[in-house]
Amino acid sequence: MTAPSLFALLIAATSPMSPAAAEAAPSARLCPLQGIQQLRIYEIFDHNKAAFHERFRTHAHRIMRRHGFDIVASWQSRNGHRTEYVYLLQWPDEATMRRHWNAFMADEEWSRIKRETGARHGRLVGEIENRVLRKTDYSPC
């Protein structure tokens, strides 16, 4: 998925109105996005993507929430030959984002789960892309 189409998807997915309704009444559109957003893109592997999704659904999501993560939405995507897991986080600011990520990465339960699932299923994540998104002053949302 190209960057422009990904961002169009993000806006459509997080908009409380349909795109047609929002275009017809832009002043009536409510924007649920506050602070900064963090876009995470993980390369996942077709042979064990079910194990990746199970680990994220059952464990990572729960532990992230425990550490104050606000997961806005998540998707699975194809980019050329790669299967990707894409998710959007919302943070009040970068300092909070860094603090919560450090706590999550140091979490003993998460470390144990990663070791166990890696031993059982092999490497579940390849390349990771991380982008901090800051709204422009002319962003419609």
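Me: Tyr42: buried or exposed?
Reply: Tyr42 counts as buried, at 7% relative accessibility. Buried means under 20% relative accessible area, exposed means over 50%, and partly exposed is in between (1.4 Å probe, protein chains only). This is a predicted model, where local features need pLDDT of at least 70, side-chain atom pairs count only at pLDDT 80 or more, and totals for chains, interfaces and linings use all residues. Residues are numbered from 1 along each chain as its sequence is written, and side-chain values use heavy atoms, with hydrogens and water left out.

Me: What is Tyr42 in contact with, leaving aside neighbours within four places in sequence?
Reply: The list includes Phe52, Phe56, Thr83, Glu84, Tyr85, Tyr87 and Trp101. Val125, Glu127 and Ile128 are also on it. Contact means heavy atoms within 4.5 Å.

Me: How many aromatic pairs in the whole structure?
Reply: The search finds 13. Rings of Phe, Tyr and Trp (its six-membered ring) pair if their centres lie within 6.5 Å; planes under 30 degrees apart count as stacked, over 60 as edge-to-face, and the rest as tilted.

Me: What kind of pair do Tyr42 and Tyr85 make?
Reply: The pair is tilted, because the planes are at 55°, with the ring centres 6.3 Å apart. Tyr42 sits in strand β1 and Tyr85 in strand β3, 43 residues apart. Helices (H or I, at least four residues) and strands (E, at least two) are DSSP runs, numbered from the N terminus. Tyr85 is buried too, at 6% relative accessibility.

Me: And Tyr42 with Tyr87, what kind of pair?
Reply: Edge-to-face, because the planes are at 90°; the centres are 5.4 Å apart. Tyr42 is in β1 and Tyr87 in β3, so this pair ties together parts 45 residues apart in sequence. Tyr87 counts as buried, at 0% relative accessibility.

Me: Which residues form the aromatic cluster?
Reply: Tyr42, Phe52, Phe56, Tyr85 and Tyr87 form one cluster.

Me: Switching to the largest nonpolar core. Which residues touch the most other members?
Reply: Tyr42, Phe52, Phe56, Met64, Phe69, Tyr87 and Trp101, out of 22 residues in that core. A nonpolar core is a set of buried Ala, Val, Leu, Ile, Met, Phe, Trp, Tyr and Cys residues joined through side-chain atoms within 4.5 Å.

Me: Which elements give two or more residues to this core?
Reply: β1 (36-44), α3 (49-66), β3, α4 (94-105) and α5 (108-121). The largest share, six residues, comes from α3. Apart from this core lies another, of seven residues, among them Leu39, Ile41, Trp75 and Val86.

Me: How do β2 and β3 pair?
Reply: Strand β2 (residues 70-79) and strand β3 (residues 82-91) pair in the antiparallel sense, over nine bridges. Two strands pair if DSSP finds at least two bridges between them. Asn79 has Arg82 as its bridge partner in β3.

Me: What about the turn, how many residues between β2 and β3?
Reply: Two, and the strands form a hairpin. Gly80 in the turn has a positive phi of about 65°.

Me: Where is Thr83 found?
Reply: In strand β3. Thr83 is buried, with a relative accessible area of 2%. Its side chain is joined to that of Arg78 by a polar contact of 2.3 Å. A polar contact is a pair of N or O atoms within 3.5 Å; within protein, one must be able to donate a hydrogen and the other to accept it, and residues adjacent in sequence count only if both atoms are side-chain atoms.

Me: On to charges. How many salt bridges?
Reply: A search of the whole structure finds 13. A salt bridge is a side-chain nitrogen of Lys or Arg within 4 Å of a carboxyl oxygen of Asp or Glu.

Me: What does Arg62 form a salt bridge with?
Reply: Glu109, with the closest N and O atoms 2.8 Å apart. Arg62 lies in helix α3 and Glu109 in helix α5, so the pair ties together parts 47 residues apart in sequence. Arg62 is partly exposed, at 35%. Glu109 is partly exposed, at 22%.

Me: And Arg82, what is its salt-bridge partner?
Reply: Glu129, the closest N and O atoms being 3.8 Å apart. Arg82 is in β3 and Glu129 in strand β4 (residues 125-133), 47 residues apart. Arg82 counts as buried, at 12% relative accessibility.
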